[in-house]
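User: I am new to this model and would like a close look at a single part. Please take me through the place where two chains meet.

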Amino acid sequence: MGLTKQSTGSSVLGFKPHIERQHPGQKIIALAGNPNVGKSTVFNSLTGMRQHTGNWPGKTVSIAQGSFFHKGVHFLLVDIPGTYSLMANSVEEGVARDFICFGDPDAVIVVTDATCLERNLNLVLQVLEVTGNVVVCVNLIDDARRRKIRIDLEELSRLLGVTVAGTSARSGKGLDRLMDEVWTVTHEKPGCCRGSPLKIRYHEAVESAVGLMEPSLEAALNKKLCARWTALRLLEGDENLLESIRNYLGYDLLALEAVSNSFQKARKILIDAGIDQDLFRDIIVSGIVRKAEEISRRVVAMEEPGHYTRDRKIDRVLTSRTWGIPIMIAMLGVILWITITGANYPSALLADALFWVEDQMTALFLSIGAPAWLHGLLVTGMYRTLAWVVSVMLPPMAIFFPLFTLLEDLGYLPRVAFNLDSFFKKACAHGKQALTMCMGFGCNAAGVVGCRIIDSPRERLIATITNSFVPCNGRFPTLIAIITMFFAGIIEGPFRSVISALMLTGVILLGVMMTLLVSRILSRTILKGLPSSFTLELPPYRKPQVGRILVRSLLDRTLFVLGRAVAVAAPAGMVIWAMSNIHIGGLSLLSHCAGFLDPFARLIGMDGCIIMAFILGFPANEIVIPLVIMSYMSTGSMMEFESLVRLRELLAANGWTWLTAVCVMLFSLMHWPCSTTCLTIRKETQSWKWTLISFLVPTAAGILICFITASVARLLGLS
Amino acid sequence: MKQNADLYMKHDQFIPLSFLPTGKKARVRALMSKGISRRRMLDLGLILDTEVEALQKSPFGDPVAYLVRGAVIALRSEEASDILVEAM
Ligand SMILES: Nc1nc2c(ncn2[C@@H]2O[C@H](COP(=O)(O)OP(=O)(O)OP(=O)(O)O)[C@@H](O)[C@H]2O)c(=O)[nH]1
Ligand SMILES: [Mg+2]
């Protein structure tokens, strides 16, 4: 989860499965494997890069590449999404298969999970059917050892006919060996592998059908793709592969006469044997699964069969009927409480420092006799907005994010999806939408990219459209600031942050409820349909690397927010300043705009300046509150930041009541997604129509709910 | 569904996986699902004779987590009821 270029999807879409070599002698290595086995961790350790990792299946949904140098050779390593099979049932499985088949890798590293080797071997066996240039990496050896599982790597290597290396990618153990083996595989002449990679023999009729097709396919494919494997896929009726062949190799395989003739004959053999496509697939899969079972029986030794009892015990509490949901909410509350409490101190400190700098800058501008407008534009406009963003918005963001990452690494997110699934089912949505929703807490753009883990297009769209109903990291500080100023302020002392955390939890739960409600409405109207099939793997709990996560995501987040502050907040501050200082007909531009928006804004419980700030905050939500403050300050009373109490005075002086505060919170929770998210939606859905709908749905919901709230409050005379 | 009913009659000891009480183990005897859902089950290694154990119900009773070939997989009742098992 996170907000780097990679996770917001810009690295993905330019992806062509044929990756260009950066140097002539460079070797391309693909990293394949089941979901959540540590592929990205291996990738990071080898390349020194920072792909996001997390203890749940579906963390990586796109392709990332990075290079490393070993024994004088340049390698280009490609991290691909985790898949259970190469039979391409979903988008990211298609991506994985296409890369292995058409990306022309010099070798494939299949990463496997030592604690669940049998299931992982299924994929290994399937990859071996495509290519023999394989190194099997048995990862998580440390975890297996802890659970008293022993694996005979040599025997495994002998049985599979390819090299096997054991690793603990997180601590970097065994990676040297792995690289040596990769080096060896890529430097052998093709065709002369030591031993030969295991090939599974299937039912007789299947073998003779495949044998019949092989010669014509060999001629047609010209070594671009393994003929035996292609024959198996064609007979299985894999339309998707035919399509990929058309795309990447540029011709229609079944349009070739020799191929289509042999295909018809082979089909006849199968039909005579009473094998239809479903049965065919059953035969293939059973063959693979049985083989995996057999190998696993010979190489895996478990000292105690109850090696997961601790995980089961934890699950019995965390997903129990009585405690599952309350613990989940409590956990959210605690995280928010730590965020709020922890942010106070650095926030005050940063404000002191940054506004001191402002004074110095003002003094400097005065001493060199710079014109007032220049000082206004650069210091009062640009610098001050920047200072607001950094001092008020950054600390909560930088604290919440690592905490969330910690939960993610522990393996808690799939349990959240497990607990919430029945709600999503009632909304006719996909159970994994809970996962994409959780990612939305970090960043809605990342959440939208994450929607790729949902295979059914209908449910994926629902998840995409509703993703912005959970407040992203950039909107938390807005909510926190308003809660602290207007609601928690009534009481003093240690309970203040508890109240804040409770209220914030309530707001988030409202967002989740809106997600479910809107999903339900969508599946009754424009996205009609029934829930598709759903399976979710609950990975074992893993001990997170607390220190490293905290430091890393804290740094990541801080750098990210600072970068955005410079790129977005600074220019927006200048715009606001300019608007409030350019006068037309006696009124500033800002007053004109705010005045224009005002009647509408009043209707939904806010004022023109606030709506202006939301509009200008389109590129980044964290600048909304700073912009509101800037525009109030520019209309008269200057003020220094001392505390949120003083801020509250400023807002109150500009007509804020508790109702305004509530409406701003509601609108912050439900309005258009930020520009990055919109662009990501456009990229992911490839459609402006759905982007527009994703823009309008939360906006309409926000306007409606603010309107109702404001009207009811006014009718009851509460405001 | 008719096929389902036939199977019930023939083998009254077979039950849909969704009926398996938590903590109990069973063996897969027939896979009734079709299309993509069937493929997904196969990919997880759920083929004939596979041993499954019902581990844990979610707070609202559906989905249920099963132990399949060393991995914990959550299935909704729709998918689980298409898998006929024989309790062990
Ligand atoms: N103990 C231990 N944990 C590991 C090891 N390798 C990876 N992990 C953890 O396993 C989890 C999954 O790692 P990832 O690298 O995200 O897995 P992935 O295969 O890229 O997963 P997807 O992208 O979802 O397919 C993370 O929480 C890692 O910290 C290891 O060798 N030992
Ligand atoms: Mg990954």
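In what sense do strand E9 of chain A and E5(B) pair, and over how many bridges? Please build the rest of the interface around that.

Analyst: The two strands pair in the antiparallel sense, over 3 bridges. Strand E9 covers residues 535-537 of chain A. Two strands count as paired if DSSP finds at least two bridges between them. A:Glu537 stands opposite B:Ile73 in E5(B). Strands here are DSSP runs (E, at least two residues), and helices are runs of H or I with at least four; both are numbered from the N terminus.

A word on the basis. This is a predicted model, where local features need pLDDT of at least 70, side-chain atom pairs count only at pLDDT 80 or more, and totals for chains, interfaces and linings use all residues. Residues are numbered from 1 along each chain as its sequence is written, chains are lettered from A and ligands numbered from 1 in the order in which they are written, and side-chain values use heavy atoms, with hydrogens and water left out.

Now the wider interface. Contact (heavy atoms within 4.5 Å) involves 35 residues of chain B and 44 residues of chain A. The area buried between the chains is about 3,500 Å². Carbon and sulfur atoms give 52% of that area. Buried area is the accessible area (1.4 Å probe) that two parts lose on being put together, summed over both. On the chain B side, B:Asp43, B:Pro59 and B:Arg76 supply 22% of the area buried against chain A, more than any other three residues.

The rule finds 7 salt bridges across the interface of chain B and chain A. Each is a side-chain nitrogen of Lys or Arg within 4 Å of a carboxyl oxygen of Asp or Glu. A:Lys425 and B:Asp62 meet in a salt bridge at 2.3 Å, N to O.

Which elements of chain B take part? Helix H2 (35-43), strand E3 (51-57), strand E4 (64-68), strand E5 (71-75) and helix H3 (77-80) each supply at least two residues. H2(B) gives the most, with 8 residues.
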